[in-house]
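Me: Hi! Could you walk me through this model? I'd like to go piece by piece.

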Amino acid sequence: NTICNDTEERQADARSLAAEVDAVVVVGGKNSANTRHLAEICREIQPRTWHVETEQELHPEWFAGCSTVGLSAGASTPDWVVAGVAGWLRALP
């Protein structure tokens, strides 16, 4: 097993999150294998999963009919990027 404990824990948390929400946004670099894998894990459980690098990539119509949206991020995603996406999601009507 070549996955470190932090990555394994992050993946387990993503699985749990995806099972509890109406949609998932995974934030992180498109070239990050770990972040792409998080998105794949979530998408297997919650088809309404999107992998974005910033809030500028989000579209309100993705969340039509959703009451709860989960947010996950790659380990190397800066906090300010995650905060920007979280703020965008909180502002949804």
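Reply: Happy to, and let's start on the outward side of the opening helix: Asn5, Asp6, Glu9, Ala19 and Glu20 of H1 are exposed. Exposed means over 50% relative accessible area, buried under 20%, and partly exposed in between, with a 1.4 Å probe and protein chains only. Helices (H or I, at least four residues) and strands (E, at least two) are DSSP runs, numbered from the N terminus.

Me: Before we go on, what kind of model is this, and how are residues numbered?

Reply: This is a predicted model, in which local features need pLDDT of at least 70 and side-chain atom pairs count only at pLDDT 80 or more, while totals for chains, interfaces and linings use all residues. Residues are numbered from 1 along each chain as its sequence is written, and side-chain values use heavy atoms, with hydrogens and water left out.

Me: Thanks! Which residues of H1 are buried?

Reply: Those are Thr7, Gln11, Ala14 and Ala18. Looking down the axis of H1, the buried residues fall within an arc of 55 degrees, so they line one face of the helix. That arc is taken from the directions from the helix axis to the C-beta atoms.

Me: What covers them?

Reply: The cover over the buried residues of H1 includes strand E1 (23–27), helix H2 (33–45) and strand E3 (69–73). Contact here means heavy atoms within 4.5 Å.

Me: And how far does H1 reach from end to end?

Reply: H1 runs over residues 5–20, and its 16 residues reach 23 Å from first C-alpha to last, close to the 22 Å expected at 1.5 Å a residue. The expected span is 1.5 Å times one less than the number of residues.

Me: Now the strands. How much of E1 is buried?

Reply: Five of the five residues of E1 are buried, so E1 is largely enclosed by the rest of the structure. Ala23, Val25 and Val27 point one way, while Val24 and Val26 point the other way.

Me: Which strands does E1 pair with, and in what sense?

Reply: E1 and E2 pair in the parallel sense over four bridges, and E1 and E3 pair in the parallel sense over five bridges. Two strands pair if DSSP finds at least two bridges between them. As for who faces whom, Ala23 stands opposite Val69 in E3, and Val27 stands opposite Val52 in E2.

Me: How does the chain get from E1 to E2?

Reply: The chain crosses from E1 through H2 to E2, and this β-α-β crossover is right-handed. Right-handed means that, with the strands pointing away from the viewer, the path from the first strand over the helix to the second runs clockwise.

Me: What does Thr49 touch?

Reply: Leaving out residues up to four places away in sequence, Thr49 touches Val24, Val26, Ala39, Cys42 and Arg43. Thr49 has a relative accessible area of 4%.

Me: Last one: where is Ala75?

Reply: Ala75 is in the loop between E3 and helix H3 (79–90), and counts as exposed at 65% relative accessibility. The C-alpha atoms of Ala75 and Asp6 are separated by 8.6 Å, although the two residues are 69 residues apart along the chain.
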